[in-house]
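Here is a short tour for a reader who likes to check things atom by atom. Please have the sequence and the model open as you go.

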Amino acid sequence: MVLVLLLTFAALLVVGTPIWIAMAGSALLTIFMDGVPLTVAAQRMVAGVQSFPLLAIPLFTLAGSLMNASGISERLFSFTKALVGHIRGGPAHTLVVGEVFLSGISGSSVADTAAAARVFVPQLEKMGYPRAFGAALSAVAGTLGPIIPPSILMVVYAWQANVSLGQLFVAGIIPGLVMAGCIMGTIAIQALRRDFRPAGAFSLATLWSEFRHASLALLMPVLIIVGFRAGLFTATEIAGVAAAYSLVVGMFIYRSIRLADLPAILVGTARETAVIIAIVAAASPFSWILAIEQAPQLVTEFMTSISTDPLVVLLILNVALLIAGMFMETIAIMIILVPILLPLLTSLQIDLVHFGIILLVNLVIGQVTPPVGVLCFVAMAITKEKLGPLLRELWPFLIALVIALVVITYVPALSLWLPKVAGF
């Protein structure tokens, strides 16, 4: 029955069926052919979304939407321009450093890419940077969103793998900075080769002024981490606090969000959440079939027959995940593969928090890799750039991200040291 499930799923994807319909449809057909009442599928779908931690998804999405609507991305980018704009290739470095801070607010790679492409690509063009370079950089920098907390993908993984979300949040900070460092290293090389100019001279007064303007936004990630560490809030509660904080800052302090803007923000949040929850619900009967057909045990036996060395197994998983990320939606991959891989990871004593970061880095690389490459298409839509020129500018950054993935995979301390120091 696993063969029927997977072949039907693959066939539906090939003809362009939305991922959640493909999962639900293949599961329904398999259940029907096995003679099981179809009501079981409905029961599994409902049970799949009846989880209190999943309430964090719409709340974090709302927090990110409110922060973006408040114009916070412009404030953050102005601050980072004052911070690093004076070095060679400064405008490009500004975009990456700005994304580091923005990732600590929205947690959405799509939203971060859109903000960077909208704000920065026109500025880069004015300073002589090719538009395709700016579009590619916006897409690549957007991959930091799900790695640096808060992160919606981390919420889903923590729920699936039954690990501490607070620990996972803290674990993503250093790997996110490693990724940002690799991207900035690529910019530095490009700046030398192509003589990219800085944005201007450094001014301490300007830096202090821009820091004050962005300080309330910079405080939000601190609020999240400290709230977890002090035990003041659960994952779901801190998401609600983040949304309330974003609303207060946007409406009453920055005064850039009006009451009339809220319906559109709420509708947008509902749409984004509906896509995620539909995938979670559809994946539940899909994963249930894989479980009862003992797919996790089969995968464990197959992988351990190849090697029992965790380093070799992680290499194989990295290659498989990079390929899967090129063709499938990130949350769908997580929901399908994590339950299958958990027995293997446990048997090889691979830390689940460390693997969670490895998994997320793989998946975000898939978001900028053709043929799906959702972040590339977001950047293209905003900048009006064509795919060919963008891809030519993209490949050095993809190499940088793969280098970061290798380092993060084989240096577990990058993911595990900070949670230990922080007491998680």
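Which backbone nitrogen does a side-chain oxygen of Ser-151 reach at the start of α9? It is the nitrogen of Leu-153, and the oxygen comes to within 3.3 Å of it.

## Ground rules and confidence

This is a predicted model, in which local features need pLDDT of at least 70 and side-chain atom pairs count only at pLDDT 80 or more, while totals for chains, interfaces and linings use all residues. Residues are numbered from 1 along each chain as its sequence is written, and side-chain values use heavy atoms, with hydrogens and water left out.

The pLDDT is the predictor's confidence in each residue, from 0 to 100. Its average over the protein chain is 83, and 97% of the residues score at least 70. Confidence is lowest in helix α3 (residues 39-49), with a mean of 77, and highest in α18, at 93. Helices here are DSSP runs (H or I, at least four residues), and strands would be E runs of at least two, numbered from the N terminus.

Now back to α9. Nine of the ten residues of this helix (residues 152-161) are buried, so the rest of the structure largely encloses it. Buried means under 20% relative accessible area, exposed over 50%, and partly exposed in between (1.4 Å probe, protein chains only). The buried residues are Ile-152, Leu-153, Met-154, Val-155, Val-156, Tyr-157, Ala-158, Gln-160 and Ala-161.

What covers them includes α4 (56-69), α10 (165-171), α14 (262-292), α17 and α18 (352-366). Just after α9, Asn-162 takes a positive phi of about 60°. From helix α17, Pro-339 is in contact (heavy atoms within 4.5 Å) with Gln-160, Pro-296 and Met-334, leaving aside neighbours within four places in sequence. Pro-339 itself is partly exposed, at 32% relative accessibility. If you want a sense of scale, Pro-339 and Phe-252 are 87 residues apart in sequence and 44 Å apart in space, C-alpha to C-alpha.

## The nonpolar core

The largest nonpolar core has 134 residues. Such a core is a set of buried Ala, Val, Leu, Ile, Met, Phe, Trp, Tyr and Cys residues joined through side-chain atoms within 4.5 Å. Met-23, Phe-60, Leu-137, Tyr-157, Met-179, Met-334 and Phe-355 have the most contacts inside it. Helix α17 (residues 330-347) gives the largest share of this core, with twelve residues. In soluble globular proteins, nonpolar side chains tend to be buried together.

Take Leu-137 as a worked example: beyond its neighbours within four places in sequence, it is in contact with Ala-92, Leu-95, Val-96, Ile-183, Ile-187 and Phe-397. Phe-397 is also among the contacts of Thr-186, together with Pro-396 and Ala-400, again leaving aside neighbours within four places. Thr-186 is in helix α11 and is buried, with a relative accessible area of 11%.

## Three salt bridges

How many salt bridges does the structure hold? There are three, each a side-chain nitrogen of Lys or Arg within 4 Å of a carboxyl oxygen of Asp or Glu. In one of them, Arg-131 pairs with Glu-385, the closest N and O atoms being 3.5 Å apart. Arg-131 lies in helix α8 (residues 131-141) and Glu-385 in the loop between α19 (374-383) and α20 (387-410), so the pair ties together parts that are 254 residues apart in sequence. Arg-131 is partly exposed at 31%, whereas Glu-385 is buried at 12%.

Arg-194 and Glu-393 meet at 2.9 Å, N to O. This pair links helix α11 (residues 173-194) with helix α20, and so ties together parts 199 residues apart in sequence. Here Arg-194 is partly exposed, at 28%, and Glu-393 is buried, at 11%. The salt bridge between Arg-258 and Asp-261 has an N to O distance of 3.2 Å; Arg-258 is exposed at 55% and Asp-261 partly exposed at 23%.

## Thr-383, beside Arg-131

Thr-383, in helix α19, touches Arg-131 as well as Ala-117, Val-121 and Ala-135, not counting residues up to four places away in sequence. Thr-383 is buried, at 7% relative accessibility. Its side chain reaches the backbone oxygen of Ala-379 at 2.7 Å. That is a polar contact: a pair of N or O atoms within 3.5 Å where, within protein, one must be able to donate a hydrogen and the other to accept it, and residues adjacent in sequence count only if both atoms are side-chain atoms.
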